[in-house]
Amino acid sequence: MARPRKPLLSRERIVDTALNLVDEEGLTAVSTRRLAAELGVSGPSLYNHFRTKDEILDAVVDRVCAEVDLSMFEDGTDWAEALLRWARSYRAALAAHPRIIPHLALGPGRRPSQLRMADAVFGRMTAAGWPPAQATRIGAVMRYFITGSALGSFAGGFVDDAELYGERYPHLGQAHLLADRRERIDEGAFETGLAALVDGLALRHTMPADRV
């Protein structure tokens, strides 16, 4: 029998399938048994490409982070503007795949895309004159803010039931309208927080070194 022109299994197919499972059902849906069934192969064949399930999830995170634009850290863009553009690109990538965030939040580990991102942010901040310790903190606080904002919807957490709020929560008289406006509210909240964060950093950047 002639051998197939294309292999039945590849790292790319495994990662594609795992990402789809995470998007649709969450991290707990990913197992080697489930992936093998989805791919129509035997379980052990996955180990020709990945040693563990965590390696597969790392590759999924790497795929998502590879979508983040880092060019603003390399083209001479002002550091503050670079943070703004990067944060928007990063959030957009994560918002498209929010269920992978808990695994991403474990840290970069050996994931190339996350390490490139950390290197780009740290390099641009130190080049702009931030002390290395502060540059590290900036990278950390930006990641906390971006991942948190992409993880869930503030507006979507309110139910469409005006009677629920009533007199018990007098300041939430319009809360039942929030869910229908979630995209505008959540995007606005992200932009408000991002501007406040970067503006605050810009003020600290102008302070004497002994006060930063």
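Buried, in what follows, means a relative accessible area under 20%, exposed means over 50%, and partly exposed lies in between, with a 1.4 Å probe and protein chains only. Helices are DSSP runs of H or I of at least four residues, strands are E runs of at least two, and both are numbered from the N terminus.

Good morning, colleagues. The structure above is a predicted model, in which local features need pLDDT of at least 70 and side-chain atom pairs count only at pLDDT 80 or more, while totals for chains, interfaces and linings use all residues. Residues are numbered from 1 along each chain as its sequence is written, and side-chain values use heavy atoms, with hydrogens and water left out.

UniProt, in an unreviewed entry, assigns "domain: HTH tetR-type" to residues 8–68. Over residues 8–68 the chain is 59% helix and 0% strand, with end C-alpha atoms 30 Å apart. In the model, residues 31–50 are 40% helix and 0% strand, and their end C-alpha atoms lie 12 Å apart.

Helix H1 covers residues 11–25; its 15 residues should span 21 Å, and its end C-alpha atoms are 21 Å apart, which agrees. Buried in H1 are Ile14, Val15, Thr17, Ala18, Leu19, Leu21 and Val22. An α-helix has 3.6 residues a turn, so residues three or four places apart point the same way. The buried residues of H1 pack against helix H2 (32–39) and helix H3 (53–65). After H1 comes Gly26, with a positive phi near 100 degrees.

Two further residues deserve mention here. Pro44 sits in the loop between H2 and H3 and counts as exposed, because its relative accessibility is 58%. Lys53, in helix H3, counts as partly exposed because its value is 33%. Which residues does Lys53 touch, leaving aside those up to four places away in sequence? They are Val30 and Ser31. The C-alpha atoms of Lys53 and Ser31 are separated by 6.5 Å, although the two are 22 residues apart along the chain.

Next, the largest pocket. On a 1 Å grid over the protein atoms alone, a pocket is an open set of points where a 1.4 Å probe fits, with protein on both sides within 12 Å along at least five of seven lines, and lining residues have an atom within 4 Å of a point. About 310 Å³ of space lies in the largest pocket, where grid points are joined across faces, edges and corners and the volume is the space filled by probe spheres set on the points. Of its 14 lining residues, Gln114, Ala118, Gly139, Ala140 and Arg143 lie nearest the centre. Helix H4 (79–95), helix H6 (112–127) and helix H7 (132–151) each give two or more residues to this lining. H7 gives the most, with 6 residues. The lining divides into 10 nonpolar, 3 polar and 1 charged, where Ala, Val, Leu, Ile, Met, Phe, Trp, Tyr, Cys and Pro count as nonpolar, Asp, Glu, Lys and Arg as charged, and the others, Gly among them, as polar.

Beyond residues up to four places away in sequence, Met125 touches Phe73, Trp79, Leu83, Trp130, Ala135 and Ile138. Thank you.

Note on methods. Expected span 1.5 Å × (residues − 1). Contact = heavy atoms within 4.5 Å. UniProt positions renumbered as here; feature names shortened; annotations may be inferred.
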